[in-house]
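Hi,

Here is the structure I promised to pass on. Have a look at it first, and then read my notes below.

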Amino acid sequence: AKQEATVITKDHALILAKLEEHIYIVESDRDDARKELLKEQSALLEVRAKFDKAKSDAHEETINFSQREAALVHQAGSSQDAINSLEKDVALKQVLLEENAAAAEAHAEEITNMEQSIEDMKKKN
């Protein structure tokens, strides 16, 4: 019985040693998996940070674009106002030129009539 108990104890010791080895391997694999998970989480955080930065940059670009667009629209409006003002000035000057031309023509006709009157008087005298 003593020999049988010793064999059982040796068998138990062998099984226990194999279980401890298996536990060590499992714990080692678990630690490796945990390290790999931490690496993946770190990589994910880096990707998230890059995404957030790109999103922020895009938002800032959108704001900048909107501001530039508003400035260009304002500038175009100011330019159109200036063009409209110049067109009004040109139209007014055109009217004045036409009036001056008509007045000059009337004066020229008066001068021609006066010259003709002077010529007629010279002929009578």
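One term before the rest: I call something a salt bridge when a side-chain nitrogen of Lys or Arg sits within 4 Å of a carboxyl oxygen of Asp or Glu. With that in hand, a search of the whole structure turns up three of them. Please keep in mind that this is a predicted model, so everything here is computed from it.

Let me take the salt bridges one by one.

R34 pairs with D31, and their closest N and O atoms are 3.7 Å apart. Both residues lie in helix α1, three residues from each other, which is about one turn of the helix.

Next come D52 and R48, whose closest N and O atoms are 3.3 Å apart. These two are also in helix α1, and because they are four residues apart there, about one helical turn separates them. D52, at 35% relative accessibility, counts as partly exposed, and R48 is partly exposed with a relative accessible area of 48%.

Then there is the salt bridge in which the side chains of D57 and K53 meet, at 3.1 Å from N to O. D57 and K53 are four residues apart in helix α1, so about one helical turn lies between them. Are these two partly exposed or exposed? D57 is partly exposed, its relative accessible area being 34%. K53 comes out at 52% relative accessibility, so it counts as exposed; the cut-off for that word is over 50%.

Away from the charges, there is a nonpolar patch on the surface. I15, L16, L19 and I23 form it, and together they have about 370 Å² of accessible area.

A91 counts as partly exposed because its relative accessibility is 42%. How far is A91 from E40, 51 residues away along the chain? Their C-alpha atoms are separated by 74 Å.

That's what I have for now.

Cheers

Terms used
Residues numbered from 1 in each chain as written. Predicted model: local features only at pLDDT ≥ 70, side-chain atom pairs only at ≥ 80, totals over all residues. Heavy atoms only, no water. Patch = residues over 30% accessible without salt bridge, like charges linked within 9 Å, V, L, I, M, F, W, Y side chains within 5 Å. Areas by Shrake-Rupley, 256 points an atom, 1.4 Å probe, with all protein chains shown as cover. Buried < 20%, exposed > 50% of the residue type's maximum accessible area, 1.4 Å probe, protein only.
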